[in-house]
Amino acid sequence: MTQLALVIDLNVCVGCHACVTSCKEWNTSGSAGYLTDENPYEKDPTGTFFNRVQSFEIGEYPKTETVHFPKSCLHCEDPPCVPVCPTGASYKRLEDGIVLVDFDKCIGCRYCSWACPYGAREIDEQQKVMKKCTLCVDRLYDESLPESERKPACVLACPTSARLFGDVHDPESVVSVAIREEGGYALMPEWGTKPANHYLPRRKIRKPIHEDELQRADNPLNKEQRKPRAPVDEPTLDDSTSW
Amino acid sequence: MAVVHDPLKAPKGCIEVKNTTCYMCACRCGIRVTLRDGEVRYIEGNPDHPLNNGVICAKGASGIMKQYSPARLTKPLRRKEGADRGDAEFEVISWSETFEIMEERLKHIRATDPKKFALFTGRDQMQALTGMFAKQFGTPNYAAHGGFCSVNMAAGMIYTIGGSFWEFGGPDLERAKLFIMIGTAEDHHSNPLKIELAKFKRQGGRFITINPIRTGYSAIADEWVPIKPGTDGALILALIHELIKTGLYDRDFLVQYTNAAELVSTDQASDDEGLFVRTDIPRDPDCFDPQDKVWWDIKNDKAVAAREENADPYLLGEFTMADGRLVKPAFQLLKERVESYSPDWAAEVTGISVETIKRLAYEMGITARDEKIELPIAWTDVWGKDHDTVTGNPVAFHAMRGLAAHSNGFHSIRALSILMTVLGTIDRPGGFRHKAPFPRPIPPCAKPPKSEDDVKVNTPLNGMPLGWPASPEDLFVDDNGEPIRIDKAFSWEYPLAAHGLMHNVITNAWRQDPYPIDTLLIFMANMAWNSSMNTSEVRKMLNDKDEQGNYKIPFIIVCDAFQSEMVAYADLVLPDTTYLERHDVMSMLDRPISEFEGPVDSVRIPVMPPKGECKPFQEVLIELASRLKLPAFTNDDGSRKFNDYPDFIVNYETEPGSGIGFLAGWRGADGEEFMKGEPNPNQWEMYEKNNCVYQYEMPKSFQYMRNWNRGYLNWAQEHRLLRYAEPINIHLYSEVLQKFKLAAQGKTEGRQPPEKLRKRIEQYFDPLPFYYEPLETQLTDKQEFPLNAVTQRPMAMYHSWDSQNAWLRQIHTYNYLYVNPKTAQAKGVEDEGWMWVESMHGKVRCLCRYSEAVEPGTVWTWNAIGKSKGAWRLSGDANESEKGFLLNHLIAEQLPNHELGENISNSDPVTGQAGWYDVRVKIYPADPEEEKSSWPQFKPMPALPGTGNIKKCIGYFAGLFTKDSPEKSDKGAGE
């Protein structure tokens, strides 16, 4: 069974927010749209976004890491938001594992957002319905798009290609390989939600210096030893020998 | 509002897809714009574009909210009679009246004193046209924003290696093994660098960042090396010290491709002290850098002509020429220069440990030496020697504003260029690579005018408004050695001011120093806010009147797409279009989007009609130039030569029949030529069919070592990228700078600086880089103002223009001052608490945010998030003005009074680069009784006529947005 998901590589995410606004622009005019913005030009602007980046610091100066952490619905394999929905609006698609909300059935009761341990759901205050990441399901099967573009908008936008997309149930998919080989992990596994989305950790590259690398026979400084030229007018054997 | 709930069903509507080029920042990515029923449905990266390969940034993906911003100006406006500048009280006028006003005024200026017209532009990407307009008009008073951005980077590197970072070249991360980024550089070449950085990390490259702050790209570095702001030069000089001391330099590269082995006369008494010894080989008069220098050959232990076959020179030592002159190789002088710049010395200055400095040097040197790349690419050098391979030393660097925006930046960047050279990384795989039309001769051939005689009424300027002086004779000064330009660029105060000094234009014009001007035309630069130093005072100057009640700057025209803070100070407002509504070119005559592999240029083609009466600034210039009958825009019979901007782009040639125009692609009558060829009437259509981009990929053998690559240089000469096909040897030692120094010492017969500036020129025109404390720091009481204050650029709002964007302002709504907790706690400043930050020029109240990602001697904030109340059509209580702030209020455009007086720019003494990052501050908590808002505050700007209404709520849905709730674009709330 297919389970589509994102794998987000924190080793290359620079926190540029390209995924955040690409998601917004695709989805506000797409099948999940519109995505409301309140007070767009006034105090405390706030709007519906399916994807946000949180930035935080770890450690004390100077051993500080700055982490950019993109967050959206994790499309859990056992999503707690689904069974709590009183109208059946929250559902998980059998064919690809995407968790969606049927807006026609949603009554905006927010049970799902209380049930979601990841805070991934967003109530649209204007439309009074719950919204969330759809993995751009309205791109994935759109045959008018070239196959290479049947991917979520965030994945296509990401300048550092930090967002991998594929079927985590297919062991050969790019996402499964990354999870397996690069230390991919799920968020808060203790909740038993089995998030489909995974994250790849930071990996450090170091360069050890060996002492012998600083002492080389081919050191170019050796060329610069100018030998004093022997003076021509001082005594030599030429002056005294007679063989 | 219709909403589609079937998750797979696409909303109905008429879909159109068009390609153009982004303009949300200066990156110039290819974009694909989808329209639905005439409204923008989606803006995505064009996957077939060489610059961004389909990716896009946060700003680029928010273009919809730029297009439909209520802050857009839609009609020409004139300041109301009796209203003060800054009050922003305007009346709508017609374009025909607007043009009549401008034509009459400019015609008079051109016929009387063309200098009195000043044209200064922001990050406009059309400097080839704006510069040409100024030259044709005859005014020298033109520049774009480079002087207050990164001219130190351009000049420091171009005067050393003939190319620079950003449009001109960059790190080859595809093949580098070690990448070092110094200072904030996220803002230049944003998407391409992000793409490359990720690939680099994925293939196991090691990334070191040297920066007082760990944000931006530094977040994903393998190692963060915090450094005190403004001390980069000290670190780099210590790295060079250590590399020379340990022999970790690329000797072969230095010998053949730089002036390291060339002998310099060291006789202090002589007039040629510090100049290269030259042979008497007859010089080619058409040559920019004659190959007549001398080496000291090891084998024969005597002076020989440089690069003589089989010669192998000493790089170190002291020698006596046959005529008794004492001489040293340039590299020996470099070694002596860095002798005192030991890691121990630099540790004190930079705050980086001795061990770290040494380790950085070893990592660089060992990686360069031991991880060499040999590409199987045969090439021939300019001296005729064949090479079977191209060698690369895979250590790459990138730096930009963090190094540049200090008054010691030129020499820091010269030092960086020399570090990159010593490691043997210039235009080689894995190091730094040029992009066409670079490399240029050192310095490039374009020169500014030379004297007052070059400015004549009703006549084009003799010379380029901006250029690259090679000696004091190229300065633009009067007979007394005083400045001729309003910004004093190319004077003895800022001799190598290759991009002008936009940051001093308003102050100088207000003070009428060196003379009063009449009309100031500002395009897309927010000089009444985040683009000015000393913002509060500059706003007063813009509105200041003399005793007769006349404005000190008599007439100000502002062209902008939005009601920015600057628009409030205009007498005449020209509503510009957005990037989606205009033709535009990223021209080879300006700063194209070339790749390492060859020249690339691109265009914008409108994807939708202009809103209201918006007119692209390009069209305004073509119309004005035609009305003023500027020669390049006028036929011999006096009629106008070009109908409009697209017509101009296709048919303009730099000289009649030159075949060189704004666009390089599809030239020639049938579009089969490139770079050079007669105008092609279908050129726009050909760009349109080809993703709006023209890319030429050179043969592999032309893609490296271009400073010395015979194939490339001949090709570049043939295609008119270069006048000369001569080697562009690296100026490790800068004879150009030494010529200015000798003039200051009175050792030359030509132009010499005015007495008061002799010492300054002698000190700062040093042929070898040196470290000095930034000028403002030298003049600051560091006990009282112990901290450095700098800005960083948020990736979601780079560049800063039109950052009122409804989506982006939800990411950065206001800014904090980020302070190390230990620093803040020592002053009693609380996390999230209101605080004061004060320099010797002013103070600002702002919110504090503790951060462990900043070195304790530095405080910082995001650039240009704070806004003036009401500007950009934000409400008076918007967070940007209530809680956001500008650091600019703390930064002066002039240095404090010192031995040179009080009117010396707060700039690099070599290039005039604005010293944004030199300010020193102190911090203290705000009193709990004080207002909980940022300070200073300004009178709210009313909504201008023609701007839109702001709504409590929007739900953007393409195809229905303006139809569902029609924007009353003809009625601003101000009417």
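Predicted model: local features only at pLDDT ≥ 70, side-chain atom pairs only at ≥ 80, totals over all residues.
Residues are numbered from 1 along each chain as its sequence is written, while chains are lettered from A and ligands numbered from 1 in the order in which they are written.

Let's start with the whole chain. Chain B has 24 helices and 35 strands; helices (H or I, at least four residues) and strands (E, at least two) are DSSP runs, numbered from the N terminus. The radius of gyration of chain B is 28 Å, close to the 30 Å that the globule rule gives for 975 residues, so chain B is as compact as a globular protein of that length. That radius is taken over C-alpha atoms, and the rule is 2.2 Å times the number of residues to the power 0.38. Of the 975 residues in chain B, 63% are buried, meaning that 20 or more other C-beta atoms, placed from the backbone, lie within 10 Å of the residue's own.

Next come the domains, whose bounds are from an automatic or database domain assignment. Chain B is divided into domain 1 (77–136 + 451–578), domain 2 (162–441) and domain 3 (776–925). Taken over C-alpha atoms, the centres of domains 1 and 3 of chain B are 27 Å apart. Their contact takes 25 residues from domain 1 and 27 residues from domain 3, where two residues are in contact if their C-beta atoms, placed from the backbone, lie within 7 Å.

Now for a sheet. Strands β26-β27-β28 of chain B, in that order, form an open sheet of 3 strands with antiparallel pairing; two strands pair if DSSP finds at least two bridges between them. Its edge strands are β26 (584–586) and β28 (693–695), each pairing on one side only. Strand β27 (residues 600–604) and β28 of chain B pair over 3 bridges, and Ser602(B) stands opposite Val693(B) in β28(B).

Finally, look across to the partner chain. Here 85 residues of chain B are in contact with 70 residues of chain A. On the chain B side, α5(B) gives the most, with 6 residues. Strand pairing also links the chains: β2 (residues 37–38) of chain A and β35(B) pair in the antiparallel sense over 2 bridges, with Glu38(A) opposite Cys953(B).

How values were computed. Buried ≥ 20, exposed ≤ 12 C-beta atoms within 10 Å, placed from the backbone.
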